[in-house]
Amino acid sequence: MSPTSADQAKQWLRRVITFGGEQVRAAPAPVERLARQAFHALPDGSEAKRRVRRILTGHSARRETTSAFGGYLSLADAGSTYSKAEQATYLQLELGHLKRALYDQPLPPWPATGFEDQDAAAAPGRVEEYLGRVSQAYGAPEVSTARVRHLVIVNQYPREGDEYGNGFVHRRVKYYLEAGIEVHVAVVAPDVEPESTVYDGVPVLVGRGAEVRELLRRIGYTSASSHFLNAFIWEQVRDSLAGIRWFTFMHGFESRRWVRTIRNYRSPEPLSNGIKDTLIRQRFWREVLAHPNGPERFVFVSRWWRRGSQDDMELVYPAQRTAVVHNVTDTQLFTYHPKDAEQRYKILWVRSAANLNYAPDLAVKALQALRETRYWPQLSIRIIGDGMHFQGFEDAFAEDGNVQVERRFASQDEIARLHRDYGVFLVPSRWDSQGVSRDEAMASGLVPVTNAVCAIPEFVDGSSAVIAGPEDVAGMVRGMIRLFEHPELFQRMSEAAAQRVARQSGPEQTVRREMVLMGLTPGDVGPGDATEGEDGS
């Protein structure tokens, strides 16, 4: 074999160790033979041989795990004798016919919790205790006709030891409070233990429905809002909302079709449940939209998601009942500090790896590709997160001294401190209705490296971010190398990223706007008004 072929074989072997056995099977025959000979030549029992075998075995196991449902189907699977036009026509029309029959059926009631009578009897006392906490926290009587009051209804809220439960809702609440609004927060879920508690100065009432109904009966709220509205919450509050200005915020999960997250389904049963859940949601949002106590406005976090939710739920939200208000970026916490040019070599990834929506596997591949470049020794990389796909980081970079991998979650304060030390935020994605963690990093001056999917182009552009196409690892790597090679470009993009977030997702453009929308503070928002996207869409 020629020296060139030998070098090629070595390259293939390195890629085998990195990416698994697929590379061996795809290699030219002479290279494949040499790669296998090199593997068998490794000493039995050696760490190197164990590592290669573990990677190869793990790769094979993953292929078997995903073989039940591995991704998108071909239209040819719908029948080989039809044209594409015929396939698209019959699939849509036959499905539409079946769904019309389904939509004629009433939404099934939520299964009883078994605590209905107990909760009804205890609700007045629980609410009294909660209002006592409100008086203590806000320093005002619990009954006052002059005070502006707003009720936030949510499926979960942060608490000590579990700070990640809808933390962005908590940030909204804190801004409301700073504006002089008395905010009541009610968590409604079927599987919680009723209680009243305080988190970060905010009193929170937790219950299975009777408590929030008692609040709505007792207190004359200026308005109310819900986040992640679901069938259980709706069933508990719908008859108590008559005469109340009510707004429901649409973040994504609550009205998303199963196919948006198709890569998360690894076996037939979860896939079946995902399809079933979508059908229930489609019926649910029709009921909410048609109900006389339905929301005054459906508030979407992006223009793209207003379109996407209508596609997913197969309905149209009337324009006069919708608004677009982005999730707020706390620019007081995530503040811009000019970046030193050397910080372009410091890469940060802080995100959940619980599913493939946020593409932790693409982050792993991008860093592995950087490892093959001459820039690798100069890089300092920190990975913080957790979830079922976090193992990919641990396996890939266990022996790299310039990569720090930490399986844990970081607080908002810690993330803000990390932002000051790093220059590039690796944040690939397959699905985002906005991307709050990316916006927070941009506000701190990090240059994000991401993908042009879903709503992301509504929040970034080529002057403020490295934007690759869907699944485009090579594009992300090329963009990072461009930053490495052009320090002045990195610094210019860093400043542009912070400016972009400040003018699009800062408190004045988001929280202030939604407070005006809900009548909590003076201002004017007309029918269908929304925040203006940077792209003009």
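Modeller: Start with Tyr 317. Leaving aside neighbours within four places in sequence, Tyr 317 is in contact (heavy atoms within 4.5 Å) with Met 250, Ser 255, Trp 285, Leu 289, Phe 298, Phe 300, Ser 309, Gln 310 and Thr 322. This is a predicted model, where local features need pLDDT of at least 70, side-chain atom pairs count only at pLDDT 80 or more, and totals for chains, interfaces and linings use all residues. Residues are numbered from 1 along each chain as its sequence is written, and side-chain values use heavy atoms, without hydrogens and water.

Colleague: Which residues form one aromatic cluster with Tyr 317?

Modeller: Rings of Phe, Tyr and Trp (its six-membered ring) pair if their centres lie within 6.5 Å; planes under 30 degrees apart are stacked, over 60 edge-to-face, the rest tilted. The cluster with Tyr 317 consists of Phe 284, Trp 285, Phe 298 and Phe 300.

Colleague: Why is the pair of Trp 285 and Phe 298 edge-to-face?

Modeller: The ring centres of Trp 285 and Phe 298 are 6.2 Å apart. Trp 285 lies in helix 10 (residues 268–290) and Phe 298 in strand 7 (residues 297–300), so the pair ties together parts 13 residues apart in sequence. Helices (H or I, at least four residues) and strands (E, at least two) are DSSP runs, numbered from the N terminus. The pair is edge-to-face because the planes stand at 65°.

Colleague: Is Trp 285 buried or exposed?

Modeller: Buried means under 20% relative accessible area, exposed over 50%, partly exposed in between (1.4 Å probe, protein chains only). Trp 285 has a relative accessible area of 0%, so Trp 285 is buried.

Colleague: How many residues has the largest nonpolar core?

Modeller: A nonpolar core is a set of buried Ala, Val, Leu, Ile, Met, Phe, Trp, Tyr and Cys residues joined through side-chain atoms within 4.5 Å. Residues with the most contacts inside the largest one include Trp 285 and Tyr 317. The count for this core is 70 residues.

Colleague: What is the strand order of the open sheet of six strands?

Modeller: Two strands pair if DSSP finds at least two bridges between them. Three bridges join strand 12 (residues 424–426) to strand 13. The pairing in the sheet is parallel, and the order is 11-10-9-12-13-14.

Colleague: Where does the side chain of Asn 402 reach a backbone oxygen?

Modeller: Asn 402 is in the loop between helix 13 (391–397) and strand 11 (403–407). Its contacts beyond four places in sequence include Trp 376 and Ser 380. At 3.1 Å, the Asn 402 side chain reaches the backbone oxygen of Leu 379.

Key
A polar contact is a pair of N or O atoms within 3.5 Å; within protein, one must be able to donate a hydrogen and the other to accept it, and residues adjacent in sequence count only if both atoms are side-chain atoms.
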